[in-house]
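Please look over the model shown below; my notes on it follow as numbered points, beginning with a pair of helices and ending with a sheet.

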Amino acid sequence: MTTDLRIAFLPLTDAAVLAVAREKGFAEEEGLHLDLVRTTSWATLRDRLVFGQVQAAHMLAPLAVAVTLGLSQQAAPLSAPYKLNVNGNMLVMASAFAQALDPDVAARLDDPLGTAHDFAAAIGLWKRKPVIGVVHRFSSHSVMLRYWLASAGVDPDRDVVLRVLPPSLTTEAMRAGEIDGFIAGEPWGSAAVDAGLAEAVAIGERIWRRGVEKILAFRTPWLEENPEVVDGLLRALVRAAAWCDEPANHETLAHLLSQPHYVDQPSELILRALSGGIAPRIDMAPLSMPDFLLFSREATPFPWRSQALWIYSQLVRWKMVEHSADNAAKAAAVFRPDIFRRALADSDVPLPGASMKLEGAVASPLAVGSKRGELTLGPDRFFDGRVFDPERIEDFLASF
Amino acid sequence: MRIVIIDDSGLRATVLEEGLREAGYDDIHIVPPRGGFVARLERMAPDVVLMDLGSPSRDTLEEMLTVSRALARPIAMFVDQSDDSMIGAAIDAGVSAYVVDGLRKERVKPVLELAVRRFNAFAKLQSELDEARTALSDRKIIDRAKSILMSQRGLSEPDAYALLRSSAMNQGKKIVDVAQALITASDLLGGM
């Protein structure tokens with residue numbers, strides 16, 4: 001018997017695991033038929049999930065935390081038992097603005113701290129506040145951009161204008177001069193670079209080496225009531241993710257995602273994020289960034305509670321929510337490592353022994369305790385060298 | 001009561017506007033969701049905003065409703081959030097509604113209900129249009145296949161059509177698919 005499951009997504013490269021689970025038969029093998037509902041705004045994706053028009057959604061991790069905390073329209077408890085990817089974002093700016101930064105683009109991308117300071121100086125030279133597009137108030141993009149700007153003393157609420165616009169409209173807005181740059185998931189940064197409208201200023205992966213990006217979100221009551229469906233879906237996704245990380249499959253995957261009902265952009269653009277060959281400027285050869293976008297390796301799908309708390313700490317920092325023990329507990333509970341472990345108990349996927357870790361403490365690949373098999377965590381440093389201890393949120397907040 | 005419809009489809013906005021006017025609302029404005037639409041909306045100070053759920057600019061609008069000083073008033077989405085069936089109907093119809101001041105829900109509910117009916121009517125109109133367009137192009141394909149058969153096999157028009165129909169029946173396909181295959185083959189062979 002086949003169970004139908006409706007899942008909403010946005011046209012982005014990091015929806016790959018869902019597309020592959022459906023198209024390559026991984027979901028079918030678990031008795032699931034996935035109906036993937038293409039959506040063009042996060043608000044609509046959120047409403048479809050919260051009001052039960054879909055059972056799950058490809059969601060911005062901070063949005064899932066915000067909905068659970070009641071910060072975004074109708075409050076609803078959401079649960080994320082699976083991370084669809086880490087990394088994958090790029091900040092691009094109009095060439096006229098980027099001229100004030102290090103002209104060596106590769107050096108600029110390698111040194112986010114130096115570039116942040118150059119950026120801060122460039123704001124003073126600019127005739128008005130730069131307008132930077134972000135995809136949502138509660139997005140990892142917005143959180144990461146704010147973190148990066150603030151490292152150079154730029155107040156993101158005072159010194160620049162952050163404008164919310166959907167990824168699919170970024171190129172058009174750049175062309176019309178409505179924004180000076182934007183941070184978004186691929187392939188939208190590459191699309192603006194290719195159109196000759198912008199060049200890369202920062203790469204998400206260089207700001208936080210293993211930055212949380214999209215999660216798979218469910219309404220918590222539905223998740224609790226349908227354990228078998230959820231477990232089957234997670235098993236299918238883990239296998240799809242391994243398929244997505246395999247370099248031999250990247251061209252096929254780029255072609256698959258390029259179709260109108262998925263991302264609807266040229267497969268050549270989509271391939272860049274998948275293969276880690278990022279062209280930072282229209283006249284430049286691609287730079288190799290093997291960690292640009294991760295789906296599977298290093299237990300990428302595992303939803304560390306400490307990562308939900310890091311997101312929470314940033315929402316508190318930017319005064320989007322009051323800090324309280326109750327709010328922190330609610331935010332941490334959005335990520336569900338317990339469900340991940342239950343679903344994959346009988347598989348050969350390595351399962352971390354802990355549910356929390358210090359974020360930003362791993363400088364080079366590190367073997368860690370795992371229930372089974374070998375698990376190596378990749379470097380997860382923040383560019384400013386800070387370490388987030390989820391047991392000491394107040395100290396972390398006081399350090400800014 | 002001032003109602004703003006944010007929509008870039010002229011037809012849908014007109015269908016909705018007409019319905020609202022018939023129901024006795026007369027302060028209605030249509031704003032396309034492009035460029036500086038947010039600033040325009042702020043100046044208009046609407047009581048209710050209706051928007052297509054499929055519009056990619058919904059996130060931009062919500063951000064404005066969150067941060068705008070001019071519109072920093074209680075926000076309700078779908079009017080009454082406890083009314084699940086109404087919300088479901090609105091989402092299915094593809095309409096989202098925002099109340100941008102403290103209007104009583106009894107006053108807004110009929111507006112939303114009417115918008116849902118009109119959005120559904122528009123969707124039906126749209127699918128009928130699409131069907132008519134497909135039927136038209138199907139007819140063209142079949143006509144072209146018939147003329148290929150007529151010139152290459154020396155058939156009369158009714159015989160050419162009969163041949164297409166019997167091939168389609170034998171192969172268990174639609175006539176238009178058989179006709180398309182014939183045109184493709186003929187193009188490949190440099191026939192026509």
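1. The axes of helix 16 (residues 305-317) and helix 17 (residues 325-332) of chain A cross at roughly 130 degrees and come within 8 Å.

2. This is a predicted model, in which local features need pLDDT of at least 70 and side-chain atom pairs count only at pLDDT 80 or more, while totals for chains, interfaces and linings use all residues. Residues are numbered from 1 along each chain as its sequence is written, chains are lettered from A and ligands numbered from 1 in the order in which they are written, and side-chain values use heavy atoms, with hydrogens and water left out.

3. From helix 16 of chain A, the contact (heavy atoms within 4.5 Å) draws on A:Arg305, A:Ala308, A:Leu309 and A:Tyr312, and from helix 17 of chain A on A:Asn327, A:Ala328, A:Ala331 and A:Ala332.

4. Elsewhere in chain A, five strands (DSSP runs of E, at least two residues) form an open sheet with mixed pairing, in the order 8-7-9-6-10. Strand 8 (161-164) and strand 10 (199-203) of chain A each have a single partner strand, so one side of each lacks a neighbour in the sheet.

5. Strand 6 (residues 89-93) of chain A runs antiparallel to strand 10 of chain A, and four bridges join them; within strand 10 of chain A, A:Glu199 is the bridge partner of A:Met93.

Technical notes. Pairing = 2+ DSSP bridges. Axes fitted to C-alpha atoms, helices over the stretch in contact; angles between N-to-C directions.
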